Amino acid sequence: MSKVLLKNGRVIDPANGRDGQFDLLIDGDHIARVGRDLPADGARMIEMPSGLLVCPGLIDMHVHLREPGQEHKETVATGTAAAVAGGFTAVACMPNTAPVNDNAGVTGYILAKAAEANLARVYPIGAVSRGQNGEHLADIAELKAAGCVAITDDGRPVATAMLMRRALEYTTMFDMPVIEHCEEQTLKGDGVAHEGFNASALGLRGIPGEAESIMALRDISLAELTRGVLHIAHMSARQTLDAVRYGKSRGVRVTCEVTPHHFVLTDEMLRAPVAYDTNVKMNPPLREAADRDAMLAGIRDGSIDVIATDHAPHHFDEKHVEFDHAPFGITGLETAVSLCFDRLVHAGVVSLPRLVELLSVNPARILRVAGGSLAEGAPADISILAPDLRVIVSAASMRSKSRNTPFDGWTLRGGVAATIVGGRAVYVNEAMERDGFSRAMWG
Amino acid sequence: MKKDLLSIDDLTRDEIHLVLDTAEAMREIGQRPIKKVPTLRGKTIVNLFYEPSTRTRTSFEIAEKRLSADTLNIAVATSSVLKGETLADTAMNIEAMAPDMIVLRHASSGAGHLLSRICRSRIINAGDGMHEHPTQALLDAFTIREHKKRIDGLKVAIVGDLLHSRVLRSNVLLLTKLGADVWVCGPPTFVPSGIERFGVRVSPRVDEAADGADVIMMLRIQQERMQGAFIPSLREYFTTFGMTRERVARAKPDVIIMHPGPMNRGVEIASDVADGPYSVILEQVSNGVAVRMAVLYLLAGGAEAD
């Protein structure tokens with residue numbers, strides 16, 4: 001296998017306490033050495049342009065790849081192409097496909113598609129309940145054996161406390177997280193937007209933050225009862241963050257994630273720039289400034305463990321309807337890194353090592369998968385990021401099959417230079433061409 | 001004026017007064033033996049109604065015909081929204097036939113905004129979901145101004161199902177823009193979150209809202225709201241919030257009682273109030289035609305079109 005020496009990049013590897021200029025030697029599919037002034041020793045040498053960061057591969061633990069069954073929205077191939085273009089070396093994909101990923105057959109199908117695409121690593125997440133119907137547990141041990149790294153009924157919260165209790169209890173034998181989309185269905189009702197002034201002004205039915213926090217509190221109590229491993233998905237309400245802090249303070253095994261859109265946007269987006277834009281309709285909904293600010297505070301103080309995108313591609317036709325009728329969700333894989341740099345790093349909310357923890361170290365730890373580290377011997381999954389790159393978001397040129405993003409046309413500071421999976425460059429940003437970096441990366 | 005009338009927010013204070021002044025002139029046309037002027041001759045107006053409507057559709061149609069526009073009514077059963085053509089496709093098809101205006105009634109809030117992004121035709125919102133019904137607020141303002149000679153400084157109490165009412169939202173925007181002291185009143189289950197940010201007073205006590213009011217505007221209670229457990233019973237609603245003669249007596253002696261219709265007698269309003277001396281409910285209906293004529297005329301270009 002060939003050797004590649006990444007020369008003199010700024011290595012940010014909090015798992016190994018590194019933040020500084022280092023050389024990194026890739027040997028085949030793994031990292032052979034990290035150090036200063038490493039000899040070329042027959043390796044192909046790539047000089048890192050100044051300012052680029054060499055980070056452990058980013059992992060998006062909340063992605064909808066839509067395959068099987070909804071290939072008009074996304075496929076494993078297009079979704080993983082979007083992932084690597086967004087700097088992610090791995091994604092965990094949600095089970096609400098058609099059919100639902102509630103059995104080893106579907107898991108195997110997704111993994112076969114991922115192997116065929118051969119871009120980002122794909123970690124399937126299985127269903128909690130058969131058909132995500134909330135009645136009977138899915139065959140969780142078989143899902144685990146087939147390659148699922150967690151279970152969730154994402155999109156449909158686990159409605160009964162009893163089934164959630166059983167899921168948390170059952171999975172303790174594998175130390176496998178149960179991921180919950182927290183939403184008390186009767187309180188959500190037929191709501192389509194955050195309950196507050198903006199929804200009221202637009203005549204949209206509201207969903208209060210408590211619809212989320214009530215279920216988070218229920219699940220945290222159940223995790224305490226069972227000693228199960230709970231992960232709260234796409235948190236949006238300040239009350240939910242308080243619930244997670246409460247759980248953590250009691251030693252409950254609970255972690256949580258937030259999406260870039262929930263720490264960047266608010267429900268003001270419902271009214272302007274485009275009133276009733278269905279690309280700001282997602283579940284949980286964009287909430288008010290106090291919630292957005294609470295998410296930033298949670299990222300800053302460490303209460304929030306992970307940034308995940310909830311990448312939810314939908315076809316243009318599905319979104320080109322009345323706000324009430326449009327499906328919930330926006331894409332996220334190809335905008336997350338830019339939003340994180342622009343709104344978190346350059347805004348002084350987090351340090352670079354902390355950002356790498358949120359996007360790489362912690363997702364790997366929570367899902368119990370390889371990654372999150374540039375240790376010698378680790379898989380060579382590496383994200384090379386360009387914190388000062390000027391990025392103009394263009395929905396039309398995205399790799400995802402869908403275009404449903406509210407960030408189209410935004411100018412952001414920070415982006416992706418290249419993505420390496422298993423020692424192989426799978427994405428190099430064309431904007432880096434002028435430095436000769438692109439040619440060097442592709443080899 | 002803007003291209004479309006989707007919300008009262010599309011109109012400035014001056015434009016609202018212009019609509020109301022123009023409506024005065026339009027009303028005169030309706031009192032002639034031959035109730036027709038050639039103002040909109042050669043203009044095509046499509047009345048696209050996705051919800052059943054008697055009053056509003058008829059009112060628009062009469063207004064259009066009095067202005068000599070060529071009008072066309074399309075009534076779409078609500079169910080076909082789900083199984084048939086999308087609103088966007090319907091809009092593009094209608095647009096392909098080059099109408100000048102589309103009057104849209106739709107069950108989804110913001111449906112007019114979607115149409116407005118697709119169509120070059122001017123869009124008039126004739127009621128979109130729980131959002132707005134701007135021509136209703138304009139005809140209400142016209143009726144109030146006629147009786148009170150002003151709107152600025154009046155106490156207007158709006159009582160009923162505030163949450164689901166598009167009439168409420170348009171009236172609140174218009175009346176606060178023109179300087180009225182607006183009170184909204186209903187059981188807390190019917191009060192939209194954050195409504196005080198509209199600059200209104202909120203009270204669950206109908207006596208307080210009615211006290212010294214110049215105008216009392218009742219909103220319809222929809223029977224189906226019972227299922228959502230918003231209120232315990234229609235009977236209790238009437239005893240707690242229904243507009244009775246006793247409650248009207250708390251208002252100013254020259255109070256006017258309004259209702260956008262259709263009314264539920266004995267639920268939100270007692271019959272003797274609806275039919276009583278203070279009621280202007282049927283005047284609202286008459287004024288609707290004149291106000292819609294004014295809106296159509298001004299959106300078509302007003303004096304420039306003459």
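**View 1. Strand S6 of chain B within its parallel sheet.** In this predicted model, strand S6(B) is largely enclosed by the rest of the structure, because four of its five residues are buried. Strand S6, which covers residues 181-185 of chain B, pairs with S7(B) in the parallel sense over three bridges, and within that pairing Cys185(B) has Ser203(B) of S7(B) as its bridge partner. Strand S5 (residues 155-159) of chain B is joined to S6(B) by five bridges, and these two strands also run parallel; here Val156(B) stands opposite Val182(B) in S6(B).

**View 2. The five-stranded sheet of chain B as a whole.** Five strands of chain B form an open sheet with parallel pairing, and their order across the sheet is S7-S6-S5-S8-S9. The edges are taken by strand S7 (201-203) and strand S9 (256-258) of chain B, each of which pairs on one side only. On average, neighbouring strands of this sheet are turned by 20 degrees against each other when direction is ignored.

**View 3. The eight-stranded sheet of chain A and a helix packed on it.** In chain A, eight strands form an open sheet in the order S6-S7-S8-S9-S10-S13-S14-S15, and the pairing is parallel. Strand S6 (58-63) and strand S15 (306-307) of chain A stand at the edges with a single partner strand each, so one side of each is left without a neighbour in the sheet. Helix H2 (residues 104-117) of chain A packs on the sheet, where it touches strand S7 (88-93) and strand S8 (121-126) of chain A, and the direction of the helix makes about 165 degrees with that of S8(A).

**View 4. Two cysteines of chain A without a disulfide partner.** A search of the whole structure, over all chains, finds zero disulfides. For Cys93(A), the closest cysteine sulfur belongs to Cys148(A) and is 7.9 Å from its own sulfur, which is too far for a bond; Cys93(A) counts as buried, at 2% relative accessibility. For Cys182(A), the closest cysteine sulfur is that of Cys256(A), at 10 Å, again too far for a bond, and Cys182(A) is likewise buried, with a relative accessible area of 6%.

View 5. Over all chains, the structure holds five aromatic pairs. One of them joins Phe407(A) and Trp410(A), whose ring centres are 4.9 Å apart and whose planes stand at 90 degrees, so the pair is edge-to-face. Phe407(A) counts as buried at 1% relative accessibility, whereas Trp410(A), at 23%, counts as partly exposed. In another pair, the rings of Tyr237(B) and Phe241(B) have their centres 5.3 Å apart and their planes at 25 degrees, so this pair is stacked. Tyr237(B) and Phe241(B) are separated by about one helical turn, because they are four residues apart in helix H9 (residues 234-241) of chain B. Both are buried: Tyr237(B) has a relative accessible area of 2%, and Phe241(B) has one of 6%.

**View 6. Charged side chains placed over aromatic rings.** In chain A, the charged end of Arg18(A) sits over the ring of Phe22(A), at 5.3 Å from the centre of that ring.

**View 7. Surroundings of Ala85 in chain A.** Ala85(A) is found in helix H1 (residues 76-85) of chain A, and it counts as buried at 11% relative accessibility. When its neighbours within four places in sequence are left aside, Ala85(A) is in contact with Glu334(A), Arg399(A), Val416(A) and Tyr427(A). Ala85(A) and Ala418(A) are 333 residues apart in sequence, and in space they are 7.9 Å apart from C-alpha to C-alpha.

Definitions and conventions
Residues are numbered from 1 along each chain as its sequence is written. Chains are lettered from A and ligands numbered from 1 in the order in which they are written. This is a predicted model: local features need pLDDT of at least 70, side-chain atom pairs count only at pLDDT 80 or more; totals for chains, interfaces and linings use all residues. Side-chain values use heavy atoms; hydrogens and water are left out. Two strands pair if DSSP finds at least two bridges between them. Contact means heavy atoms within 4.5 Å. Axes are lines fitted to C-alpha atoms, for helices over the stretch in contact, and angles run from 0 to 180 degrees between N-to-C directions. A disulfide is a pair of cysteine sulfur atoms within 2.5 Å. Buried means under 20% relative accessible area, exposed over 50%, partly exposed in between (1.4 Å probe, protein chains only). Rings of Phe, Tyr and Trp (its six-membered ring) pair if their centres lie within 6.5 Å; planes under 30 degrees apart count as stacked, over 60 as edge-to-face and the rest as tilted. A charge sits over a ring if NZ of Lys or CZ of Arg is within 6 Å of the ring centre and within 35 degrees of the ring normal.
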